[in-house]
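Here is a short briefing on a protein model. Look at the structure first, then work through the points below.

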Amino acid sequence: MRSEAGLTDLFGAGSRRLTIFLRALIVLKIALLFALAWNCRFVMDEFGQLGYAKHLFNGLFATVQPSKAVGSTAFYKLAHLIGWDATSILLVGRMQTALLACATIALVYACARALGEDRVRALAIVLVLLCFSNFMERIFRTIAEPLAVFFAVGALLVVLRARELRGWQLVAAGALSGLSFLATQKSIYFNLALGLGLVADAALMRRYLAGMVRGAWLVLGWTLPIIAYCFIFGGADPVPIAKSLVFGPLEVATRGGGDYGGLRRFVVQTLARNYVLYVFCFAGMALSLIQIMKLDERRRIALIFSVVITVLVFAHDQPWPYVFIMALPFMSLWSLTMLDGLAARARYLRLAWIALVTAMAISFVANLLYFRFDNTAQLELVARAESLLAPDERYFDGIGMLPNRMEPTTLWLDKHYVLATLRESGRSEAYNVLSKSRPKLILWSYRMDYIDPVVAPLILNSYVRVAPNLRIAGFRLQPGERKIFDVPIAGTYALYSADGTPLRGRVEIDGTVLDPPFHLAIGPKTVTLRNGAGEALLLPAGSYAGHFKAGGDNDLLFDGVYD
């Protein structure tokens, strides 16, 4: 066990008091984590990845493109089963992932203890992890990475807790690595890091045959959940499912991050925001590498694993902020090592502790400041949109903001597909959807702004804004004006006021005067409001009172989500 002296000397407290103090800080951090999960603005990916669960065992592999592992989709299915509407599903998903984060934190603590750290130092390591802004702000996101990290930390823990690495333990670690891979194929990074850790450790000890055997057991364990997955989702024909595990992510990997441009700024961002913590972690790994031959087997394996995963994550060509949570739990294991190197230099040791404690204190302030990015407007839009759609009616937004409603397509309007839409224009999937499989509702965001030059002609005379960021199938009529309404969906239509209250009036449709409600077929119609007292909305018949809202679009729905 490593000494607590550096900590107790700094705080002037006994081990018991220090333990209580560290636990209190960790509890406070976890409370902040749940508060952030409940209140923070959703990133675009969260809506899509959480919403995919509605397709589970219902055409998922034929619906979501590119095909990918659905381990996280199965995980988020629980939020769909617990939630009772779109908003609750989103928030339950956040709470579910925050609880998973707590389990990951517990595993990191167990890893630290397995590496020989005493209780106080293991708690300090956990606190360092929780002081990384990217961890606190991303680990609760409803995306695949948190689940993958949980299984990856579990796989490392199995190896570290083994007194002697035997076949069954390596198979168990491999199985957990396989489950991580099934959460997201990006977890191949974890799989490679663990394999290199096991094999390189044996090679350094010149136990080459043992290294080969370790690798074989690990791969065997890794393949078991993969094979089970292919048969569970593929039945008697598992080959297409197996291909999706390879070629789906291969499409994204070969595409790279070139369409986005400037993604390396997120590397600079995370380093700048937590530079003191990174100095401690990087220095700890560097000092350990220098003495790698003197380390025991567990620490050697964990070190190689940590270094490899850190290099892979920071070299990743699409380093979105949430990607760094794949490295931070493992980096934090080495955050106190630099202090051990300064143990003989009391002055420098004290300065180092002061720097670390200051960085931790600043992190609490940073967590509080992050609350300014609240999700109120997003959840209000989701709730309003859901209220305007029956369960069997469809919407489109290119993001998937309604997890419990279907879209005519799961087209994901990231930068790659935005550019493809602009390039393909009338041949694009977005154009085909809005011209052939037209939804009742369109949720408008900056991504729809991007493709507006292509889709504007399909929306202008077919949809009307009834609330910020919401366009519904319909038309705005002025008394006596003759206009062309290109009916997007067939059905019964009626007249409504700007606040959704039903109106009485007569409408001339292609020369025939009708009293609403009346049926309209798809296609252009010449319409005139004949005896209305003022402006009226011609909309699919429904109950809209209280669901409309005046005002322009909110352009800040996703502002600051990567800050």
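A salt bridge is a side-chain nitrogen of Lys or Arg within 4 Å of a carboxyl oxygen of Asp or Glu. E164 and R166 form one, with their closest N and O atoms 3.3 Å apart. This is a predicted model, and it holds 25 salt bridges.

**Salt bridges**
- Side chains of opposite charge can pair when their charged atoms come close.
- E164 is partly exposed, at 48% relative accessible area. R166 is also partly exposed, at 46%.
- R300 meets D201 in a salt bridge of 2.5 Å, N to O. R300 sits in helix 16 and D201 in helix 11, so the pair ties together parts that are 99 residues apart in sequence. Both R300 and D201 are buried.
- E508 and R482 meet in a salt bridge of 3.7 Å, N to O. E508 lies in strand 8 and R482 in strand 6, so this pair ties together parts 26 residues apart in sequence.
- E508 counts as buried, at 10% relative accessibility, whereas R482 is exposed, at 55%.
- Shared partners join D201, R207, R214, E297 and R300 into one network of salt bridges.

**Helix 10**
- Helix 10 runs over residues 167–183. Its 17 residues should span 24 Å, and its end C-alpha atoms are 24 Å apart, which agrees.
- Helix 10 is mostly covered, with 12 of its 17 residues buried. Among them are L170, V171 and F181.

**Surface features**
- R16, R23, R113 and R119 form a positive surface patch. R23 lies in helix 2 and is partly exposed, at 45% relative accessible area.
- H519, in strand 10, is exposed at 55%.

Notes. Residues are numbered from 1 along each chain as its sequence is written. This is a predicted model: local features need pLDDT of at least 70, side-chain atom pairs count only at pLDDT 80 or more; totals for chains, interfaces and linings use all residues. Side-chain values use heavy atoms; hydrogens and water are left out. Patches are made of residues with over 30% relative accessible area and no salt bridge: like charges are joined within 9 Å, nonpolar side chains (Val, Leu, Ile, Met, Phe, Trp, Tyr) within 5 Å. Accessible areas come from the Shrake-Rupley method with a 1.4 Å probe; for residues, only the protein chains shown count as cover. Lys and Arg count as positive and Asp and Glu as negative; His and the chain ends are not counted. The place of a charge is taken as NZ of Lys, CZ of Arg, CG of Asp or CD of Glu. Helices (H or I, at least four residues) and strands (E, at least two) are DSSP runs, numbered from the N terminus. Buried means under 20% relative accessible area, exposed over 50%, partly exposed in between (1.4 Å probe, protein chains only). The expected span of a helix is 1.5 Å times one less than its number of residues.
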